[in-house]
Amino acid sequence: MKINSYLMFNGNCEAAFKFYEHCLGGKITMMMTHKEAPSAENIPPEWHDKIMHACLELEDRLLMGSDCPPGYFEPPQGFYVQVSVPEPAEAERIFHALAENGNVKMAIAQTFWSVRFGMLIDRFGTPWMVNCEQVA
C-alpha cells in the first residue's frame with residue numbers, strides 16, 4: 001500500500017504544481033483542465049481553464065491535486081505534507097524553496113530526531129514538513 005497526498009486549490013493549482021515541480025524535482029505527468037473533462041458542461045465557463053486533475057511524480061510517490069469548483073474549496077487544516085530526504089543540504093534547499101513567499105512555522109534546524117527538520121505554509125496555503133532522514 002502507498003498513501004499519496006491530494007491537494008485542493010481555489011483556482012491556482014497549475015501555478016502550485018509548476019512551483020512544486022521546480023522545488024521538489026519530479027515531473028508533472030498530468031495536468032487536465034475542467035474543459036477537457038467529460039463533465040465540462042457542469043462547470044462555469046470561467047473555470048474551464050482551471051485544473052481538474054494534476055499529478056506530479058516524485059520517485060515512487062505521487063503528489064496530486066486539483067482546483068475545486070466554485071463553492072467547494074476549504075483551506076487546508078489539520079495536516080502537513082511531509083517530505084523526507086536523505087541529505088541535509090537537500091532538506092535545506094527544499095525547505096527554503098517551498099518557504100519563498102510563504103510562512104515559516106518552525107525554521108529548519110537540527111532536532112533530537114533529525115539533522116534537519118522544519119515546518120512551513122507555502123505561498124499557496126499548503127502546509128509542509130521537511131525532514132532529513134539521518135539520525136541527529
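**View 1. Asn101, an exposed loop residue.** At 62% relative accessibility, Asn101 counts as exposed. Exposed here means over 50% relative accessible area, buried means under 20%, and partly exposed lies in between (1.4 Å probe, protein chains only). Asn101 sits in the loop between α2 and β6. Helices (H or I, at least four residues) and strands (E, at least two) are DSSP runs, numbered from the N terminus. Most residues other than glycine have a negative phi.

This is a predicted model: local features need pLDDT of at least 70, side-chain atom pairs count only at pLDDT 80 or more, and totals for chains, interfaces and linings use all residues. Residues are numbered from 1 along each chain as its sequence is written, and side-chain values use heavy atoms, with hydrogens and water left out.

**View 2. The whole chain.** The chain holds two helices and eight strands. Along the sequence they follow the pattern β-α-β-β-β-β-α-β-β-β. The C-alpha atoms fill a box of roughly 55 × 25 × 25 Å, taken along the principal axes. Of the 136 residues in the chain, 40% are buried. The accessible surface comes to about 7800 Å², and 54% of this surface belongs to carbon and sulfur atoms. Accessible areas come from the Shrake-Rupley method with a 1.4 Å probe; for residues, only the protein chains shown count as cover. Now look at contacts, which means heavy atoms within 4.5 Å. Among contacts with a separation of 6 or more, 54% join residues 24 or more positions apart.

View 3. Two strands pair if DSSP finds at least two bridges between them. Strand β2 (residues 27–33) and strand β3 (residues 51–58) run antiparallel and are joined by six bridges. Lys27 has Glu57 in β3 as its bridge partner. On to the next pair: β3 and strand β4 (residues 61–67) also run antiparallel, with five bridges. Which residue of β4 stands opposite Glu57? Leu62 does.

View 4. Glu59 is found in the loop between β3 and β4. This hairpin has two residues between the strands. Phi of Glu59 is positive, near 55 degrees, and Glu59 is not a glycine. Is Glu59 buried or exposed? Glu59 is exposed, because its relative accessibility is 82%.

**View 5. The four-stranded sheet.** What is the strand order in this open sheet? The order is β5-β8-β7-β6, and the pairing is mixed. The edge strands are β5 (81–85) and β6 (103–109), and each pairs on one side only. Neighbouring strands are turned by 15 degrees against each other on average, direction ignored. Axes are lines fitted to C-alpha atoms, for helices over the stretch in contact, and angles run from 0 to 180 degrees between N-to-C directions.

Follow the pairs across the sheet. β5 and β8 (residues 127–132) pair in the parallel sense over five bridges. Here Val81 has Trp128 in β8 as its bridge partner. β7 and β8 run antiparallel and are joined by five bridges. Met106 has Met119 in β7 as its bridge partner. In a regular strand the side chains alternate between the two faces of the sheet.

**View 6. Helix α2 and strand β7.** Helix α2 (residues 88–99) lies across β5, β6, β7 (117–121) and β8. It runs at about 165 degrees to β6. How many of the five residues of β7 are buried? Four are, which leaves β7 mostly covered. The hairpin of β7 and β8 has five residues between the strands. In this hairpin Gly125 takes a positive phi near 90 degrees.

**View 7. A nonpolar surface patch.** Which residues make this patch of about 360 Å²? Met106, Phe112 and Trp113 do. Patches are made of residues with over 30% relative accessible area and no salt bridge; like charges are joined within 9 Å, and nonpolar side chains (Val, Leu, Ile, Met, Phe, Trp, Tyr) within 5 Å. A salt bridge is a side-chain nitrogen of Lys or Arg within 4 Å of a carboxyl oxygen of Asp or Glu. Trp113 lies in the loop between β6 and β7. With a relative accessible area of 39%, Trp113 is partly exposed.
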